[in-house]
Structures are given as structure tokens and as C-alpha cells.
Amino acid sequence: MSERFETHEHDVLVVGAGGAGLRAAIEALGQGASVGVVSKSLLGKAHTVMAEGGIAAAMANVDSADGWKPHFRDTMRGGKMLNNWRMAELHAQEAPERVKELEQWGALFDRTEDGRILQRAFGGHTFRRLCHVGDRTGLEMIRTLQDRGVNMGFDVYMECTIVRLLTDGGRCAGALAYWRETGRFVVFKAKSVVMATGGIGKAWPITSNSWEYTGDGMALAYEAGAELMDMEFVQFHPTGMVWPPGVQGILVTEAVRGEGGILRNKAGERFMERYDPKKMELSTRDVVARSIYTEVKEGRGTEHGGAYLDISHKPAEYVKKKLPSMYHQFKELADVDITKGPMEVGPTCHYMMGGIRVEAETAQSSLPGLFAAGEAAAGLHGANRLGGNSLSDLLVFGRRAGLAAAQHAKEVSAPNLDERQIGAGESEALRAFQQQGGENPYAVHRDLQKVMQSLVGIFRTREDMQKALDELAKLQERAAHTSVEGSRMFNPGWHMAIELKSMLTVSEAVTRSALVREESRGAHSRIDFPEPGPEWGKKNNIIWRDGSAMGLRQETLPEMPAELKGILAEDK
Amino acid sequence: MADATLKVFRGTKDGGKDVEFKVPVAPGMVVLDALHYIQGHLAPDLAVRWNCKAGKCGSCSAEVNGRPRLTCKTRMDALPPNEPITVMPLKTFPVIKDLVTDVSWNYKVNKKIPPFTPKAGADWKFYQEDVDRVQEFRKCIECFLCQNVCHVLRDHDKYEQFGGPRFFVRVAGLEMHPMDGASRTKLLKDELGIGLCNITKCCTEVCPEDIHITDNAIIPLKERVVDQFYDPLVWIVRKIRGAAS
């Protein structure tokens with residue numbers, strides 16, 4: 001094997017170089033582990049760069065009444081109480097420390113009058129809580145982490161895609177990957193693997209997500225025997241661009257509403273008064289997305305099928321200062337000057353609350369040696385994520401995953417690699433080259449996106465989802481028979497053929513989980529079951545690989561301690 | 001719907017040629033959309049780098065009609081109608097395949113730069129006016145368009161002696177950070193070769209983030225180098241002090 005494949009060995013292999021992966025790598029390096037970071041893209045291009053609004057952390061720099069308890073309460077309420085309470089508690093308690101640390105590593109946040117980190121309002125947060133850098137907070141975070149990691153000395157394997165996790169007698173042992181540039185395979189042997197691969201948005205056509213978001217981490221973990229959880233909870237961000245067609249789905253940051261942006265329908269009505277008169281535009285994302293969708297569906301949408309979002313009542317200089325990339329995005333891509341007139345916005349597939357099931361303290365999955373953090377992991381956000389809680393999630397649980405992965409690596413012996421698993425992964429990855437006259441993988445992808453958009457979108461019914469399962473089975477068959485042309489050298493058609501499998505696995509998991517959850521909760525809205533069901537409010541859906549079929553069962557949420565119940569009971 | 005003709009470079013480091021593709025045009029379409037159409041319908045193996053498609057990641061740089069641009073921000077309706085649109089890889093970096101180039105040199109340069117080093121005893125209280133200037137440099141999305149147009153690299157191949165505008169911007173972001181205590185002027189002079197820049201501002205012109213690379217980063221850094229290494233008064237004082245000690 002060693003002759004046949006380029007092989008690298010690390011204590012900790014981190015898959016994904018976004019905020020969670022980099023933070024995990026930094027922590028594991030700090031523990032003295034040898035760390036490899038594998039990334040599908042170049043370093044510094046991860047989806048985290050697109051995070052705009054800020055990092056939620058109860059620093060209480062602007063609103064002195066804030067603290068971890070209100071942050072915990074907001075997160076649980078936003079997640080409709082389906083969150084893993086321990087993760088929500090750790091997240092609220094540790095986020096301020098993680099932000100301060102980031103500042104001490106060189107991140108430059110916007111400042112308060114008295115020289116501290118400035119915080120802004122955001123949907124679902126009781127206090128002004130989001131530490132931010134204009135509307136490019138994610139870029140600041142990525143650069144800061146990237147530079148620190150590079151300086152500490154991790155090995156980065158850029159433009160390298162994992163196709164299979166390797167196991168050794170029930171524990172994770174490494175991964176098989178290929179270099180995008182050459183198409184050659186590479187084997188990673190590792191005592192611990194951290195999945196920080198982000199979400200699954202590319203299974204929908206209207207999405208704010210980049211090409212990388214194909215659910216690889218979740219699908220790889222599932223194939224290797226780890227459990228997935230809460231897969232029915234897919235967040236549609238209320239404000240994506242809707243016009244022109246080429247830009248459909250590109251994110252319009254929630255910071256526009258955080259800074260005072262107002263939503264109106266075609267008739268000029270401020271329609272959030274009807275859906276959430278208390279929080280209005282700063283209601284949670286699930287509520288605002290459904291409200292816009294309903295306005296459009298009932299004939300009160302804008303010319304291009306969205307709602308108007310207006311910030312032009314604020315001084316032009318203020319808008320340009322606080323929302324510079326939104327100003328440029330609309331000016332350059334839509335010919336709209338947002339300091340003078342409204343934007344047209346509508347829901348866009350944005351974030352996956354579900355993912356790899358992990359243990360709260362260590363971020364370890366049900367497969368020993370496999371850890372997960374950030375969007376790839378489930379639990380923190382429950383049925384709906386609050387804006388700003390993603391970047392803090394990356395820092396808090398990225399760090400925890402890195403720490404636990406390094407400790408795990410100290411405790412276990414080097415794994416053995418199984419030649420047969422590697423061989424099987426290799427043949428499967430190359431299948432599309434060996435098949436003649438099959439379909440273009442991009443055609444299968446387009447049809448998958450149509451199925452998910454029309455049948456497993458914002459509003460769901462039993463009938464639609466049963467149909468979706470039939471369609472997904474046909475698509476799985478088609479995906480197994482695609483053909484690719486050209487060589488293995490940087491061949492996007494081939495990459496798509498491989499990623500299709502991940503997208504189909506997670507799409508099936510989403511649909512199966514959504515079909516059985518006969519209630520509406522957070523981001524999961526059933527037309528046939530419009531109300532929350534008290535019994536479902538106590539249960540998580542768990543997905544696992546049951547032979548060649550997808551297993552699904554319910555597990556009762558862990559019991560919350562009385563102290564935390566007390567925090568939730570306070571009416572604030 | 002009208003069709004546009006794209007002439008896209010197809011090939012590797014060993015050579016290649018422009019290949020024509022006809023692509024249907026939709027309102028507001030950008031060049032990256034056209035490249036995606038080609039991948040999806042005509043040539044699935046066309047190699048293109050991209051990530052966010054929203055001007056925030058800096059991955060999709062190419063030379064469109066001879067001009068270095070982010071293809072995700074280059075609208076088809078802003079280009080001359082009824083003429084083929086040429087899309088070529090960045091010239092300054094070696095081609096890997098089609099529009100994908102080998103930009104690894106940039107990552108090597110980056111490693112030479114000493115990291116953010118907090119001043120001893122910093123209290124971490126500083127103000128918006130302290131960060132306004134530095135935040136400009138930190139907007140950089142590493143699209144490497146500035147590196148691509150810089151003649152020190154593009155025409156004179158000074159990869160060994162020169163860092164390029166991107167890394168002057170990065171050094172400026174560190175040097176002018178209100179809490180940073182390290183000095184990188186010697187590095188600028190000796191390893192990043194800032195003296196080779198003759199401030200023609202080509203980099204500033206192509207920056208999609210509108211960073212005033214030349215005026216706000218390079219010139220102030222050149223001044224720091226001059227103050228430290230070439231100021232005659234300082235030089236004399238140093239000589240005397242050096243002799244005394």
C-alpha cells in the first residue's frame with residue numbers, strides 16, 4: 001500500500017479549513033499534536049468568509065445586562081427547545097472568551113466609544129450581542145485563524161477531497177482522498193479525525209452556499225458508521241437576492257435588519273406586524289422566512305417574487321460604513337443603490353442545523369476517534385439557529401473538538417489501515433471514468449436540486465416527501481451510472497460525480513427525518529401538521545447506516561438540570 | 001434569449017488553445033455563470049476555481065477580454081455585445097489546467113511574514129479611529145489580481161526578490177495594527193523587495209475591494225523603510241552610538 005499511495009500520518013487530521021476546522025487545528029497543535037488540515041479549496045476560501053453579521057457572544061460591552069444566561073435562553077428559545085442543552089450552555093459561557101482570544105490573535109473588531117469590541121442587534125437576540133467587523137466578520141475570522149495556524153505550523157493539504165473515512169475495528173483510522181489538481185489518491189493515517197466540513201446547501205438550487213457545501217462530512221461519517229441527528233432542520237435564510245436570476249440566492253446579511261432595515265410587501269405594508277408584532281424584522285429566521293414566503297404566495301410579493309428590504313432611511317454614509325459589501329453587491333450585481341431604494345429579497349437555503357451527532361463536551365461522534373464541529377455537527381442550534389451563533393459555534397466547538405481529538409490521540413495506539421477499504425474507496429471514486437455513455441453528473445445534480453426545492457423546501461407535506469423519496473431513489477440509480485470525460489486532472493465533472501453521492505445521502509436523511517416528524521417546529525414546517533407536537537418536542541431523530549438501508553429512530557432529549565430550567569422560565 | 005460566444009482557454013502548462021462556446025444569456029448574468037453553464041452542459045471537465053460567487057472569497061480571478069477580473073462580479077451586459085468574450089487564466093502564475101493556475105508561490109511568501117505580535121502589557125482598549133485605516137487592508141480577499149498585474153512579477157519574474165502588492169497590504173495591516181509591537185521593515189527591504197515597486201498603481205486599479213494599495217499601504221511602508229535604513233541623520237546617530245558601545 002505504501003508503495004501504491006502517497007501516505008501522510010498525523011495525530012489529528014482535520015477535514016475542512018473553515019472557522020471550525022482551523023480553530024480545532026490550532027487547539028490540537030497547542031496540545032503538541034501533529035496536525036494535518038485537508039481542504040477542498042485553497043486555504044482562506046472556506047465558506048466562513050461569507051459570514052457577514054457577526055459573532056454572538058455575551059460580552060456585555062454595549063448592553064451591560066447581557067450575560068451567558070440570556071444568551072443561553074435566546075439560543076434555546078430560538079431552537080424551539082430541541083437544542084442539546086449542554087451544548088447551548090457551554091456555547092453561551094465560552095463564546096466571550098473565544099472572541100477575546102481572537103482579538104488577541106490580531107482580529108480587529110469595530111469599536112465602542114470607550115474602546116471595546118462593538119456589538120450589534122440581531123434576530124432572536126435579546127441584547128445587542130454580535131461582535132462584528134462591518135459586514136465581513138467571517139473574513140476577519142478566517143484570516144486571523146489562518147495566519148495563526150500557519151505560524152504555529154500545521155500541514156495544509158489544499159485542494160484535496162476526502163472520498164472515504166477508514167476504520168480500524170470500530171474506530172476511525174484516517175481517510176482516503178484525492179488531489180484535485182492531479183486526480184491522484186492520497187492516504188491519511190490518523191488517530192483522530194475532526195469533521196469540519198460545513199453544510200449541505202448545494203442540494204437546493206436557491207442557496208447562499210458555495211460549491212463545497214455538498215454534505216461530504218455528514219455522508220462520510222454516516223458511511224463509516226457514525227450517527228446523524230436532526231437532519232430535518234434546514235434553515236432557509238429569509239433574505240437572499242431574488243433578482244437578477246444569476247444572483248438568486250446570494251445572501252443579504254441579517255445585519256441589514258440588525259441596523260434597522262424594514263421589510264415591506266408590494267402594497268408597502270410592514271407585514272412583520274402580522275407575523276411577529278413584538279420582534280418585527282428581528283424575529284427568528286424561520287419566522288421571517290415563512291412570512292416572506294407567505295406574502296409572495298398570497299400575491300403580495302414584489303415584481304420578481306420577493307419582499308422589499310429597505311435601509312435607505314438611514315444616512316447614506318452610515319449604510320456604506322456598516323454594510324459596505326451589501327452596498328457593493330447590490331450596486332454591482334443588481335443596479336440597486338441601497339442607500340436610495342429598497343432591495344428585493346426572498347428565502348435562500350442557508351444552513352444545516354442537523355448533522356453528525358456529537359457528545360457535548362468533546363464533540364466526539366458515535367464512532368470513536370471521529371469528532372465533528374461547526375455546521376457539520378448537530379445539537380447546538382436545535383430546530384432553528386440564531387444569526388451570529390454560527391461563528392461562535394465554530395470557535396467554541398472547534399476548540400473543544402481540537403482539544404478532545406488531541407487528547408484522544410495521546411491515549412490510543414496508531415491504527416492499522418485496511419487495504420481492502422482503500423481499494424474499495426478507490427474503485428468507487430473512479431467508477432464514472434469506467435462507465436461509457438452515462439449521464440453528465442451535472443444533469444443529475446440539477447434534477448436533485450429541483451426535487452429538493454419543490455418537495456423538501458420551506459413548507460412540507462407527507463405527500464410531497466413520499467414523492468421525494470421515490471425521486472431520490474431514481475436519482476441514486478442515475479448517479480451510480482454517470483460518465484465523465486477528460487482526464488483525472490482538475491476535472492470538475494468528475495468531482496461532481498463523487499459529490500453527488502454525498503448530496504444524495506444527506507438529501508435522503510433530510511427527507512426521511514422530515515417525513516416522520518409530524519409537527520411544525522423551527523425551520524421544519526409541515527402544512528399537514530402546522531402546530532408543534534408536545535411529544536415531538538422531546539425527541540431527536542437519529543439516522544444511521546443499517547446495512548445497505550438508512551436506519552431512523554427517535555431518542556428522548558436528555559433531561560435538563562433544574563438550574564437551567566430556571567433560566568428558561570424567566571420571562572425576559 | 002440571445003446567445004453569447006465565449007472563447008475560453010483550454011489547456012495545461014504544456015500549452016493549449018482558445019475554445020469557443022455558445023452560452024444563452026439571462027438578465028444580470030455574470031461571466032462565472034457562463035462558465036458554469038459550460039461546465040453543466042458543454043464541457044464538464046472545464047477547470048475553474050470558484051467558491052462564494054458573491055465577490056467575497058477571491059477564487060474566480062481570470063483575465064476577461066484581457067482585463068484581470070473576478071468573474072463573479074463581471075457582468076455579461078457590461079462587456080461589448082456581439083463580440084466574443086475571451087476568458088484566459090491569470091498570466092503571472094503557471095497554468096495547471098484551463099483557468100486554474102498555480103498560486104502556491106503566494107502562500108510561500110505569506111509564511112515569511114512574522115505574525116501579529118501583541119505589544120507587551122497591551123490593555124486592548126483602542127478606538128474606531130485607530131482601526132479605520134487598518135481595516136481597509138484587512139478587506140483583502142486574496143484574489144491575487146494585484147499580484148497578477150504587478151510588472152515586477154508579471155514582466156520581470158522577480159518571484160525570489162519580491163513579495164508583491166498583496167503582501168505589502170498584509171504587512172501594512174500588521175504594522176499599523178494598534179496593538180502590534182513587531183517591526184517588519186527589514187523584511188520589507190530585504191526579503192519582500194519593496195524598493196522594486198515603482199508605484200505605477202496598477203495593483204490599486206484592479207483591486208475589487210477598492211483598497212488603496214499604493215497610496216495607503218505601499219507608500220507608507222516605503223517611508224518606514226527609508227526612515228529606518230536610509231535617513232542620513234538617523235544613520236549618523238546610529239554610527240556614533242554604534243561606535244560608542
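Let's start at Arg111(A), which sits in the loop between α3 and β4 (119-120) of chain A. The model we are walking through is a predicted one. Arg111(A) is buried, because 20 other C-beta atoms lie within 10 Å, and 20 or more is what counts as buried here. Who are its neighbours? Leaving aside residues up to four places away in sequence, Arg111(A) touches Arg116(A), Ile117(A) and Leu118(A) in its own chain, together with Phe126(B), Tyr127(B), Gln128(B) and Val131(B) from the partner chain. Val133(A) is a further landmark: 22 residues separate Arg111(A) from Val133(A) in sequence, and their C-alpha atoms are 9.0 Å apart in space.

Those touches to chain B lead us to the meeting of the two chains. Here 50 residues of chain A are in contact with 45 residues of chain B. On the chain A side, at least two residues each are supplied by α3, α4 (137-152), α10 (324-334), α13 (441-455) and α15 (492-516). Which helix gives the largest share? That is α4(A), with seven residues. Sorted by class, the side of chain A that touches chain B has 22 nonpolar, 14 polar and 14 charged residues.

The axes of α3(A), residues 85-104, and α11(A), residues 389-411, come within 9 Å and cross at roughly 95°. With that angle, α3(A) is roughly perpendicular to α11(A), since angles of 65 to 115 degrees are counted that way. From α3(A), the residues at this crossing are Leu90(A), His91(A), Glu94(A), Ala95(A), Arg98(A) and Leu102(A). They meet Ser392(A), Asp393(A), Leu395(A), Val396(A) and Arg399(A) of α11(A). By class, this contact of α3(A) with α11(A) has five nonpolar, two polar and four charged residues.

Now turn to another pair, α13(A) and α15(A). Their axes are 9 Å apart, and the helices pack at an angle of about 25°. This makes α13(A) roughly parallel to α15(A), because angles under 35 degrees fall in that category. The crossing in which α13(A) passes α15(A) is left-handed. On the α13(A) side we find Pro441(A), Tyr442(A), Val444(A), His445(A), Leu448(A) and Met452(A). Facing them in α15(A) are Gly493(A), Met496(A), Ala497(A), Leu500(A), Met503(A), Leu504(A) and Ser507(A). How do the residues of this contact divide by class? Ten are nonpolar, three are polar and none is charged.

Helix α15(A) also takes us to a sheet. It lies across β10 (228-229), β19 and β20 of chain A, running at about 45° to β20(A). The sheet itself is open and has four strands in the order β15-β10-β19-β20 (chain A), with antiparallel pairing. At its edges are β15 (355-356) and β20 (549-556) of chain A, each of which pairs on one side only.

On to the next pair: β19(A), residues 539-546, and β20(A) pair in the antiparallel sense over eight bridges. Asn541(A) stands opposite Gln554(A) in β20(A), and Ile542(A) has Arg553(A) in β20(A) as its bridge partner. The hairpin of β19(A) and β20(A) has two residues between the strands, and Gly547(A) takes a positive phi near 65° there.

Of the 245 residues of chain B, 45% count as buried. Among contacts in chain B between residues at least 6 apart in sequence, 64% join residues at least 24 apart.

A helix to look at in this chain is α9(B), residues 213-230. Which of its residues are buried? They are Ile213(B), Thr214(B), Ala217(B), Ile218(B), Leu221(B) and Arg224(B). What covers these buried residues includes α3 (128-137), α4 (145-149), α6 (165-175), α7 (185-190) and α8 (202-206) of chain B.

Methods. Residues are numbered from 1 along each chain as its sequence is written. Chains are lettered from A and ligands numbered from 1 in the order in which they are written. This is a predicted model: local features need pLDDT of at least 70, side-chain atom pairs count only at pLDDT 80 or more; totals for chains, interfaces and linings use all residues. Axes are lines fitted to C-alpha atoms, for helices over the stretch in contact, and angles run from 0 to 180 degrees between N-to-C directions. Angles under 35 degrees count as roughly parallel, over 145 as roughly antiparallel, 65 to 115 as roughly perpendicular and the rest as oblique. Two residues are in contact if their C-beta atoms, placed from the backbone, lie within 7 Å. Ala, Val, Leu, Ile, Met, Phe, Trp, Tyr, Cys and Pro count as nonpolar, Asp, Glu, Lys and Arg as charged, and the others, Gly among them, as polar. Two strands pair if DSSP finds at least two bridges between them. A residue is buried if 20 or more other C-beta atoms lie within 10 Å of its own, exposed if 12 or fewer, and partly exposed in between; C-beta atoms are placed from the backbone. A crossing is left-handed if the near helix is turned anticlockwise from the far one by less than a right angle, and right-handed if clockwise.
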